[in-house]
Amino acid sequence: MGKFIIKNTNTGIKFDLKAGNGEVIATSEVYTTEAACRNGIDSVVRNAPIASIEDQTVEGYEVCKHPKFEVYLDKAGEYRFRLKATNGQIIAVGEGYKAKASCFNGIDSVKRNASDSPIVRI
């Protein structure tokens with residue numbers, strides 16, 4: 001089972017979603033308050049399991065409705081995903097992956113772990 005880790009940064013508060021093996025599978029923006037950070041977690045819990053996947057690395061890709069995971073190539077040529085809520089706001093992002101299949105595995109892990117992961121404040 002995964003877990004959401006809430007922690008302070010130099011500029012605010014953020015969360016990481018960790019898989020059962022301890023690997024970070026998604027991270028949030030930096031929030032100004034813990035309440036806002038917890039709202040972000042709630043949004044991931046609600047949206048990740050039902051989000052479709054929009055693969056922007058494919059020419060002529062089909063645009064999906066929100067909530068959705070957007071898969072894209074970053075400036076370094078790595079595959080990344082971002083989870084957007086029903087209002088279009090980015091609520092979590094993944095790390096860079098060399099292989100597209102690994103990126104899709106990351107999305108699957110977020111979908112599986114988000115709904116029942118406890119929240120831990122460090």
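Colleague: Which are the buried residues of α2?

Modeller: In this predicted model, where local features need pLDDT of at least 70, side-chain atom pairs count only at pLDDT 80 or more, and totals for chains, interfaces and linings use all residues, the buried residues of α2 are C103, G106, I107, S109, V110, N113 and A114. Residues are numbered from 1 along each chain as its sequence is written, and side-chain values use heavy atoms, with hydrogens and water left out. Buried means under 20% relative accessible area, exposed over 50%, and partly exposed in between, with a 1.4 Å probe and protein chains only.

Colleague: What makes these buried residues line one face of the helix?

Modeller: Seen down the axis of α2, they fall within an arc of 160°, so they line one face; the arc is that of the directions from the helix axis to the C-beta atoms. The face turned away from that buried side carries the exposed residues A101, N105 and R112.

Colleague: How does the reach of α2 from its first C-alpha to its last stand against what is expected, and how many residues has it?

Modeller: Helix α2, residues 100-114, has 15 residues and reaches 21 Å, close to the expected 21 Å, the expected span being 1.5 Å times one less than the number of residues. Helices (H or I, at least four residues) and strands (E, at least two) are DSSP runs, numbered from the N terminus.

Colleague: Why is the pair of F4 and F15 called edge-to-face?

Modeller: Rings of Phe, Tyr and Trp (its six-membered ring) pair if their centres lie within 6.5 Å, and planes under 30 degrees apart count as stacked, over 60 as edge-to-face and the rest as tilted. F4 and F15 are 5.7 Å apart centre to centre with 75° between the planes, so the pair is edge-to-face. This pair links F4 in strand β1 (residues 3-8) with F15 in strand β2 (residues 13-18), 11 residues apart.

Colleague: What makes the pair of F15 and Y31 stacked?

Modeller: Here the planes stand at 15°, with 6.5 Å centre to centre, and therefore the pair counts as stacked. Because F15 lies in strand β2 and Y31 in the loop between β3 (24-27) and α1 (34-47), the pair ties together parts that are 16 residues apart in sequence. Ring pairs link F4, F15 and Y31 into a cluster.

Colleague: How do you know whether Y31 is buried or exposed?

Modeller: Its relative accessibility is 10%, so Y31 counts as buried. F4, at 0% relative accessibility, is buried, and F15 is buried at 0% as well.
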